[in-house]
Amino acid sequence: MSSNRTRPDDPGPYFDAHVFVCVNERAPDHPRGCCKARGSEALRDYMKSRAKALGLNKVRINQSGCLDRCELGPTMVIYPEGIWYAVKTEADVDEVLLTHLVEGRRVTRLMLTPDQTPAKLAKEKLAAKG
Ligand code: FES
């Protein structure tokens, strides 16, 4: 699905890209879990510092609240592309920064697709239990 909201006379974007990193926190016994409990704050901090070190001045790394794909987290989404990643380690962060944001390619192994939904994941977990 692509957006048809862009207009030819729109001003250019202020940033080339926004990265939203979920740092939402829930109670430890919440069934969906949360990205903060999976280490997203440290990953966000690392991403911010690495982006600065790489001179990515036109890329904004922002924290966000729940992005509603908690079970797949830590999650992040990059706009304007609308590409989602599940990033678990600093090495994953480095790969997203260099491959996606510097080189303009994709990190397929970390990418979340629109059909990866919490409901589908829950069904798969149930099926695996037999
Ligand atoms: S807690 Fe991160 S997507 Fe919901």
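Two strands are said to pair if DSSP finds at least two bridges between them. Helices (H or I, at least four residues) and strands (E, at least two) are themselves DSSP runs, numbered from the N terminus. The views below show a predicted model, in which local features need pLDDT of at least 70 and side-chain atom pairs count only at pLDDT 80 or more, while totals for chains, interfaces and linings use all residues. Residues are numbered from 1 along each chain as its sequence is written.

**Figure 1. Overview of the protein chain.** The protein chain has three helices and five strands, which follow the pattern β-α-β-β-β-α-β-α along the sequence. Taken along the principal axes, the C-alpha atoms fill a box of roughly 55 × 35 × 25 Å. Of the 130 residues, 22% count as buried. A residue is buried if 20 or more other C-beta atoms lie within 10 Å of its own, exposed if 12 or fewer, and partly exposed in between, with C-beta atoms placed from the backbone. Two residues are in contact if their C-beta atoms, placed in that way, lie within 7 Å. Among contacts between residues at least 6 apart in sequence, 61% join residues at least 24 apart.

**Figure 2. The open sheet of five strands.** The order of the strands is S2-S1-S3-S4-S5, with mixed pairing. Strands S2 and S5 (111-112) form the edges, each pairing on one side only. Strands S1 and S2 run parallel and are joined by six bridges; Val19 has Ile61 in S2 as its bridge partner. Strands S1 and S3, by contrast, run antiparallel, with four bridges between them. In S3, Val77 is the bridge partner of Phe20. In general, strands of a sheet pair through backbone hydrogen bonds, either parallel or antiparallel.

**Figure 3. The β-α-β unit of S1, H1 and S2.** Together, S1, H1 and S2 make a right-handed unit. The crossover is called right-handed if, with the strands pointing away from the viewer, the path from the first strand over the helix to the second runs clockwise.

**Figure 4. The largest nonpolar core.** This core has 21 residues, and those with the most contacts inside it are Val21, Met47, Val87 and Val96. A nonpolar core is a set of buried Ala, Val, Leu, Ile, Met, Phe, Trp, Tyr and Cys residues joined through C-beta atoms within 7 Å. At least two residues of the core come from each of S1 (17-22), H1 (40-53), S2, S4 and H2 (90-102). Helix H2 gives the most, with four residues. Leaving aside neighbours within four places in sequence, Met47 is in contact with Val19, Val21, Ile61, Val93 and Leu97. In soluble globular proteins, nonpolar side chains tend to be buried together.

**Figure 5. The surroundings of Ile61.** Ile61 is found in strand S2 and counts as buried because 24 C-beta neighbours lie inside 10 Å. Apart from neighbours within four places in sequence, the contacts of Ile61 are Val19, Val21, Arg44, Met47, Lys48 and Ala51. Tyr85 is 24 residues from Ile61 in sequence and 14 Å from it in space, C-alpha to C-alpha.

Figure 6. Most residues other than glycine have a negative phi, and most peptide bonds are trans. A cis peptide bond joins Gly73 and Pro74, with omega about 5 degrees; Pro74 is found in the loop between S2 (59-64) and S3 (75-79). Another cis peptide bond joins Tyr79 and Pro80, with omega about 15 degrees, and Pro80 has its place in the loop between S3 and S4 (83-86). Asp68, in the loop between S2 and S3, is not a glycine but has a positive phi of about 70 degrees. Asp68 counts as exposed because it has 12 C-beta neighbours inside 10 Å.

Figure 7. Helix H3 (residues 118-129) has 12 residues, which at 1.5 Å a residue should span 16 Å, and its end C-alpha atoms are 17 Å apart, which agrees. The expected span is 1.5 Å times one less than the number of residues in the helix. The number of buried residues in H3 is zero, so the helix lies largely in the open. Just after H3, Gly130 takes a positive phi of about 90 degrees.
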